[in-house]
Amino acid sequence: MTFKVSTGARNQLLTSQALRDIFALGFLDIYAGTVPATADDSIGAATLLCRVSDGGTGLGLNFNLATTSAGVLAKLSSQVWSGSNVAGGTATFFRFVQSTDDGSSSTTQVRMQGAVGTSGAELNLASVTLVLAALLTIDSFTVTVPTS
């Protein structure tokens, strides 16, 4: 799987804002279950395992605005991206969303979706088995814009 960007995010990229600004103060939601075909699709019956925020405080996440290079946008290094697992299960995908996103089908919500794995995925974790109430910390997260 590759990063999938919602119609709402693509429209904003084409008309008004940079990727880092569109997703500023967003949240990284990690799910178990069937991966939606597109970032516009509903979450369906997938189970939210963890919402990652700044230090697990519920404050939104940011990307590093100063060091984008070679088509790569990285998480803000001064933020600790973490959260307590709200359910246990096997992580299969994530969505980077804004706080108002309810997971329903939408062509206006700003979303980024990708696979979760232990290697070769858009989000790599030490283990894809998440345990209820355990703390999950994301040390590295990058978005790469492909070359032609």
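Biologist: Why does Phe 93 count as buried?
Modeller: A residue is buried under 20% relative accessible area, exposed over 50%, and partly exposed in between, for a 1.4 Å probe and protein chains only. Phe 93 has a relative accessibility of 0%, so the residue counts as buried. This is a predicted model, in which local features need pLDDT of at least 70, side-chain atom pairs count only at pLDDT 80 or more, and totals for chains, interfaces and linings use all residues.

Biologist: What makes Tyr 31 and Phe 93 an aromatic pair, and of which kind?
Modeller: Rings of Phe, Tyr and Trp (its six-membered ring) pair if their centres lie within 6.5 Å; planes under 30 degrees apart are stacked, over 60 edge-to-face, and the rest tilted. By this rule there are 11 aromatic pairs. In one of them, the centres of Tyr 31 and Phe 93 are 5.0 Å apart and the planes 10° apart, so the pair is stacked. Because Tyr 31 lies in strand E2 and Phe 93 in strand E7, the pair ties together parts that are 62 residues apart in sequence. Strands (E, at least two residues) and helices (H or I, at least four) are DSSP runs, numbered from the N terminus.

Biologist: Which kind of aromatic pair do Phe 63 and Trp 81 form?
Modeller: With 5.8 Å between centres and 80° between planes, Phe 63 and Trp 81 are therefore edge-to-face. Phe 63 lies in the loop between E3 and E4 and Trp 81 in strand E5, so parts 18 residues apart in sequence are tied together. Both Phe 63 and Trp 81 are buried. Ring pairs also join these two with Phe 3, Phe 23, Phe 94, Phe 96 and Phe 141 in a cluster.

Biologist: What makes a set of residues a nonpolar core?
Modeller: The members are buried Ala, Val, Leu, Ile, Met, Phe, Trp, Tyr and Cys residues, joined through side-chain atoms within 4.5 Å. The largest such core here has 29 residues, of which Leu 28, Ile 30, Ile 138 and Phe 141 touch the most other members. Elements giving two or more residues to this core include helix H2 (19-22), strand E2 (27-32) and strand E8 (112-117).

Biologist: Which salt bridge involves Arg 111?
Modeller: Arg 111 meets Asp 101 at 2.6 Å, N to O. Both residues lie in the loop between E7 and E8, 10 residues apart. Arg 111 has a relative accessible area of 0%, so this residue is buried; Asp 101, at 11%, is buried too.

Biologist: Is Ala 70 buried or exposed?
Modeller: Its relative accessible area is 77%, so Ala 70 is exposed. Ala 70 sits in the loop between strand E3 (47-54) and strand E4 (72-74).

Terms used
Residues numbered from 1 in each chain as written. Heavy atoms only, no water. Salt bridge = Lys/Arg side-chain N within 4 Å of Asp/Glu carboxyl O.
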